[in-house]
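Could you walk me through this structure, stop by stop? I have it open in a viewer and would like to know what to select next and what is there.

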Amino acid sequence: MKITTLQQTKVWVILVTLLVLANTSVWAQEPASTTYIQVRVDGLSCPFCAYGLEKKLKKLEGAKNLQISLENGMATFEVPTNKKPEKAKVEKIVTDAGFTPREIKFSSTPFKANEVPN
Amino acid sequence: MKCLIKRLSLFFVVLLVLAGCQPKPKQWRYIRTIPISGIGPIGIVQAADNLWLSDVDNNRVVTVDKSGSIIQEINAIARPMHIAGTKDELYIPQFGADNVIRWDAEGIHSIAIADTLDAPGGVDVNDDRMAIADFFNHRVLVYAQHQSYSIGGEGHDNGQLYYPTDVKITDSLLYIADAYNNRVEVYNYSGKYVRTIGWQESIKVAAGVEVANNQIFITDFYGNRLLIYDIYGKLLYEFSEYLDKPTDALWANDTLYVANFKGHSLAVFAWQ
């Protein structure tokens with residue numbers, strides 16, 4: 001089978017186009033931003049409650065780096081901003097875990113260690 | 001007359017000596033506290049002659065010597081809670097992974113459970129029986145002779161459970177730490193409710209239960225108490241000193257070990 005010059009040119013055009021598209025899509029993507037979430041509830045000093053809440057919050061899509069502070073009665077974690085849950089959804093998880101949520105905060109920057117909301 | 005007085009004196013002396021020789025009834029006495037720095041204990045059991053503790057904060061189970069130093073640790077356990085021990089095995093509920101695993105000298109083995117657990121808080125085994133406190137499902141699952149059944153269900157009446165955290169199996173009964181109903185519930189092997197223990201003592205979260213020597217031991221987590229009952233639920237002893245958020249008790253050779261979660265220690269009591 002003989003490959004003509006026209007066919008060779010077409011192959012090159014396709015390859016170059018694919019390369020450009022690939023590069024464009026990579027560079028066009030912004031670094032994934034993160035939303036930090038802090039949940040404050042009463043009665044979290046019981047380990048069954050605290051780690052029960054931890055278990056439930058982990059099921060939120062994209063949730064990671066979940067920290068539970070028994071001393072401060074707080075849970076902090078982060079999610080990709082494009083998967084940021086509605087406040088009502090977090091509230092429901094807290095309520096289903098047997099707690100009454102006192103405060104739920106969202107932030108684009110990490111919460112300071114042991115930071116207690118006002 | 002003198003002779004009579006002598007004889008009477010002698011009689012009273014002998015009586016006094018005999019009274020002194022009467023064995024004192026045994027009772028619980030505080031002995032000491034063993035610091036277990038860095039460990040947040042939930043469950044405590046004896047297996048293979050060692051004390052084993054579930055260290056929930058650090059996702060591990062450890063064995064300690066009598067000074068509280070760690071001898072051995074099993075790592076990467078997802079929030080272990082009330083563990084059970086046999087001669088050479090440990091049964092560990094993974095609260096954070098919704099399963100129960102078995103550990104022996106050869107390693108960790110999974111246990112097939114034909115049901116869906118939601119945060120198992122405690123497990124106990126006795127011959128061919130196994131019971132699991134299923135925290136968020138408000139029930140206890142019992143596996144016996146190739147059959148299984150469920151005890152409890154969410155509620156506050158007798159025969160119902162509200163966030164059970166621990167279970168103990170004896171030769172004829174099951175004792176369940178019905179944590180947020182602030183009591184221990186007793187069932188027979190048919191799953192029938194028998195009695196409630198601790199309902200009069202205003203317990204603030206009945207976190208753990210131990211049954212031994214015809215006595216029931218309840219750790220009152222927020223009340224910082226250890227309550228000891230007879231098998232019919234009559235309160236025998238109450239300790240409030242030496243405890244700091246107690247989660248479990250273990251009877252071993254006339255010695256009682258109480259795990260202090262917040263105190264990072266073991267309070268030791270002796271039956272003497």
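Let's begin with a term for the tour: two residues are in contact, or touch, if their C-beta atoms, placed from the backbone, lie within 7 Å. The model is a predicted one, in which local features need pLDDT of at least 70 and side-chain atom pairs count only at pLDDT 80 or more, while totals for chains, interfaces and linings use all residues. Residues are numbered from 1 along each chain as its sequence is written, and chains are lettered from A and ligands numbered from 1 in the order in which they are written.

**Stop 1: chain B.** Select chain B and view its C-alpha atoms, which fill a box of roughly 85 × 40 × 35 Å along the principal axes. Its secondary structure comes to one helix and 24 strands; helices (H or I, at least four residues) and strands (E, at least two) are DSSP runs, numbered from the N terminus. Of the 272 residues in chain B, 44% are buried. A residue is buried if 20 or more other C-beta atoms lie within 10 Å of its own, exposed if 12 or fewer, and partly exposed in between, with C-beta atoms placed from the backbone.

**Stop 2: Val45(B).** Now pick Val45(B), in strand E2 of chain B. Why does Val45(B) count as buried? Because 25 other C-beta atoms lie within 10 Å. Leaving out residues up to four places away in sequence, Val45(B) touches Trp52(B), Ile83(B), Ala84(B), Gly85(B) and Leu250(B).

**Stop 3: a sheet in chain B.** Next, select the open sheet of four strands with the order E10-E11-E12-E13 in chain B, where the pairing is antiparallel. Two strands pair if DSSP finds at least two bridges between them. E10 and E13 (147–152) of chain B are the edge strands, each pairing on one side only. Six bridges join strand E12 (residues 139–144) of chain B to E13(B). Zoom in on Val142(B), and you will find Tyr149(B) of E13(B) opposite.

**Stop 4: where the chains meet.** Show both chains: eight residues of chain A are in contact with 15 residues of chain B. Then select helix H2 (residues 47–57) of chain A, where eleven of its eleven residues are buried. Among them are Phe48(A), Tyr51(A) and Leu53(A). What covers the buried residues of H2(A)? The cover includes strand E2 (64–69), strand E3 (74–80) and helix H3 (87–96) of chain A, together with strand E2 (41–47) and strand E10 (120–126) of chain B.
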